[in-house]
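Thank you for making time for this. I would like to walk through one structure with you, slowly, and please have the sequence and the model in view while I speak.

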Amino acid sequence: MLDVASYALLLFALGAYVLLDGYDLGIGVLSLFDRSDQRRKEYSELIATAWDANESWLILAGVVLWAGLPGVYATVLSGVYLPLIVMLLAIVLRGTAIELQSAAPGYRRGWGLVFGLSSLVVTVCQGLVIGAVLSGLPHRGGVFSGNTWDWLTPYSVLCALGLVAVYLLAGAAWLQDKTTGTAHGRAGRLGRPLVLAVAVAGLVLGFGLSSADPQHLRFDQPLRTALFGLAVAVAVVCAAIAWYGFGRRPDWRPFAAVAGAEAAGLLALVAATAPVVVPPDLTVHTAAGPHGSQLFLLIGVGGCMPVVLAYNIYAWWVFRGKFAQPPALPDAAGPSDTAAAAERSAPVAPPASDGPWAVVVARRVLLTLLAVAVAAVSQDVFGGVGVWIDRVGVALFAVTALAVWIRSDHRSSAAGAFDLQAAER
Amino acid sequence: MASPAVVDISRWQFAITAIFHMSFPALTVGLSLFLAVMYTVHLRTGNPLYLQIFRFWKKIFAVGFGLGVVAGTVMTFEFGLNWGRYAHAVGPILGVTIGMEVITAFFLEAGFIGIMLYGDGRVRPRTMAFSCWMLVVGTLLSTTWILSANSWMQDPTGFTEVDGQFRASNWWHVLFNPAFSYRYPHMLLAVLISAAWFIGGIAAWYLVKQRALPFARRTLSIALGVLAVLMPVQLYVGDATAAFMGAHQPAKLEAFEGNWKTDNNGYNLIVVPDTDKGENRFQVGIPHLGAVIGKDLSGKAHVPGLLQTPKDERPDMWAPFYGFRAMYFTALAMFGMAFAGVVLRWRGRLFTARRFHRLMIWMAPAGVVAISGGWITAETGRQPWVVHGLIRTGDAVSHLSVGAALAGLIGFVAVYALLLGLWIRYIVRTVRTGPEHLVTDAATADHPTEISHA
C-alpha cells in the first residue's frame, strides 16, 4: 500500500512540475517567436520570480523516485542518459540566462536567445525521456542494461513534439493571465491553434502507445476502464473550456482549464498503465524501496507538503495579478567614486606613531609568536597536556576578538567612519 | 562489471560538478545570513547604509544563488545517471535524506527567494525581512541534510543490508551519524567563514580604491569581526574532525599526511608519491611537527603511514594530500589575516592599513579554495569506497558506454568553464560599478521606508 502512496506522491510532484515549469518553459519557447526586445525582457522578468520554485518540483520528483522507487530511478536515469544530461545542461544555461538577464540593466539579446533556446532544449529532452520510458527500458538487477541509443524511437520523438505543444499551450495561457497589451493579445490568438495541436498530439500519442508499449494495455478491468474514460472526458471538457477561454475574459480561465486538462491527462495515462511504471515489467511493487524508507518519506515529505504548498501559494499571491515592472528604486546615481574626494577628509582615527624601528620589529616578532601560539592552541596541540586547555583557550580568543570588534566598532562609529550621509554629501 | 574508463570518467564528472556546485553554496549560505542581518538592521535603525549594503550584495547573491540551484539540480540527478548501482543500493537511505532536503530546504529557499529578490517595494519591509530569514533557514537546513547524507557515506551506521540494498534500522543513527556531529559544525563554520572572506575581500578593494568608504569600512569591519571570532573555533573543530576521521578511516589520515612507512615524526609539506613502489620519490617536511600536531609534545611519535592499509583499500595519495594542504595552508593564512585584523583593530588602524587591504583582496576566494580542498580530501580519501567499507566506487557505476559518459563529461566541462568565466566577470563588473547612492536631498534618514518606495 505504501508503495502506491509513494507512486502517488511521485505523480503529484511530476504533475506539479509539468504544470508549473511547463508554463515557464513554454514562455521561454514563445519568447523566441517575439520580435520585440521589450516583450522578451518582460517574458523573462515574468518568470524570474517563480522559475526556481517551479524547478524544485522536478528535483522533488527526482528524489521521491530515488527514495520511493529506487529500481525505477536507477533504471530510467542511466537508461536515458544522453537526453537527461543535455536537459540538465540546458537547465543550467537557462537558469544562468534568467538570472544574468534579470541582473543586467537593459535587455541582452544574447541572454534572451540562450533563455529561449535552452527552454526549447529542456522541453524536447523531457519529451524524449517520457517517450523512452513509456516505450520500455531493459533492466537487470535493479539497474539499466540496454544500449546508449535505446531511448531514440519514433514514439519518443513524437512525445517530444507533443510536450512542446503542451508547454506552449501552458505558456500561452499563463501569458494571457499575467500580461496586458500586445503580449496579451498574442497569447489569446495563439491559444486556439495550440489547443488543437495538443489535442492532435494527445490522440496520436494515445493510440501510438499501444504499439510502442511492449506490454499490452489492459482494459479488461471495469474500474480501470471507468477511470480512464472519466479522465479522458475531463480532459476533453477542460480543453473545450480552454478553447473557449482564450482571448476572452476572465484571463485566468485558460490556465485553469489547461491545468485541469494536464492533470486529467496524467490520470488517464496512469489509469492505463498502473501498476507498471517502466514497461515491460518494472512495476510499482517490484521497484519499491523497503517499507521503512517509504514510511519515513511519506511522513516527512507528506507532512511538509501542506506547508510547502502554503508558502508557494503565498509567494504566488505576492506577485499576483498582471505583471508590472518593479517599482523604481531610488536612482542609482552611477558609480559612487565621485564621493571619494569628500570621503578622504572623513574623520578616522589618526595614525598612531610607530616609534623606533627596533620597537616595531620587536613588536612584530612578538605578535607573530603570539599568533603561532594562538594557532597551536586552536589546533588542540596542548590537548595532550590537559583536555580543557585548548577549549578554554579557543573560547577565550573568540571572546577577546568579539570584545575588540565591538569596542573598535563603537569608536569607528563615533568617529563617523560609517556615516553614509556625511560621505555622500 | 563496468569498464574502468567509465568509472574514471564518471568520477571526474562527479568531482567537477560537485566542486563547481559547492563553490556557490560556499558563498551563498553565509551571504544569505549576512543579507538577512543587514536588512534587519536597516529595518530597525533606518540607517540607509545598511540598505545600500543589502542592495549591493543582493545583486551578487541573486546570480550566485541561481547558479548554485541549477548546478545542484544536476547533482540530484547525477546519482542515478552515472551511479545507478549506487543509487539502487542506497536509495532507501540517502534518497530519503535528500528528499527531506528538497522538501524542507529547496522549496523554502525557492519560495522566498522570489520575494527577497523582487519584492523590494512590492511587499512590506517586514515581509522582506521575513523572507530573508526564511531563506537563511532554508540554506542552513540544506547544509544540514546534505552533510548528514554525506557523513553517512563516510561512516555508515544504523542500517541493515538486504539483497545488496541498504535499509535503515534506526533513522536516528542514520541521520545523526557520528561523523555528522563533527563534519557538520566544521562545514557550517566553513561556509560562514568563506562568505566573510568574500565580503571582506571586496570591501578591501573599495578601501584600496578609496571608493564607497562607509560601505567598505562597515562591511570590512563586519567580515573581519566574524572571522576573528570564528577562525580559532574553526581550527579547533577542524582538528577534531581530522582526528575523528583519522580514527574511523585510518587510510584517509595516512594518505593526507603523506607517509608510507610509519617512521616519520615530521609534518610533510611536499611529497611526490610513487604509488606502485609504496614510497615517496621526494618529500619535504618539518621534523617533529607531525608528532606535535598529533598531541605528542615531545615530538617523538610517528605519524601512521599508508602501508598499514591493505593495498586494495588504499586511496591514491596525491589528491587527499594536496587537497588537505590546500585547505590547511589556506586556513593558516586565513587565521593569520584574522589575527592581524584583530591587532590592527586594537591599534585603530583597520581602515588605513593599505598593505593589509591589498592582501585582503587576495583572500576573497580563500574560503572557497579551502572548502574545495577539504571536500577533495574527504571524498578522495574515502576511496576506493563510495560508501565507506560497504560499496566500492568501481561497483557503483551505471551501465553506460564510454562514449556516452565521455560526452556527458565534455558537456559539463565546457558549460561549467563558460559559467565560471561569466560568474567571475559578473562579480568583477558589479564590484566595479559599485554600490548605488541612496542618500538624495529628498530623502532623509528619518524615513527609511520612503527611500525604498520612492
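I will begin with how the model is described, then take the contact between the chains, then a few elements one by one.

This is a predicted model, in which local features need pLDDT of at least 70 and side-chain atom pairs count only at pLDDT 80 or more, while totals for chains, interfaces and linings use all residues. Residues are numbered from 1 along each chain as its sequence is written, and chains are lettered from A, and ligands numbered from 1, in the order in which they are written.

Let me start where the chains touch: 102 residues of chain A are in contact with 111 residues of chain B, and two residues are in contact if their C-beta atoms, placed from the backbone, lie within 7 Å. Which helix of chain A gives the most to the side that touches chain B? That is helix H5, residues 81-103, with 15 residues, where helices are DSSP runs of H or I with at least four residues, strands are runs of E with at least two, and both are numbered from the N terminus. By class, this side of chain A has 67 nonpolar, 23 polar and twelve charged residues; Ala, Val, Leu, Ile, Met, Phe, Trp, Tyr, Cys and Pro count as nonpolar, Asp, Glu, Lys and Arg as charged, and the others, Gly among them, as polar.

One residue to look at from the side of chain B is B:Phe77, found in helix H3 (residues 48-81) of chain B. Leaving aside neighbours within four places in sequence, B:Phe77 is in contact with A:Gly62, A:Leu77, A:Leu84 and A:Leu88. B:Phe77 counts as buried because it has 23 C-beta neighbours inside 10 Å, the rule being 20 or more other C-beta atoms within 10 Å of its own for buried, 12 or fewer for exposed, and partly exposed in between, with C-beta atoms placed from the backbone.

Elsewhere in chain B, helix H2 (residues 25-45) holds B:His42, which is also buried, because 25 C-beta neighbours lie inside 10 Å. B:His42 and B:Pro125 are 83 residues apart in sequence, yet their C-alpha atoms are 9.8 Å apart in space.

Finally, turn to helix H1 (residues 2-32) of chain A, whose 31 residues should span 45 Å at 1.5 Å a residue, and whose end C-alpha atoms are 44 Å apart, which agrees; the expected span is 1.5 Å times one less than the number of residues. H1(A) is mostly covered, with 22 of its 31 residues buried.
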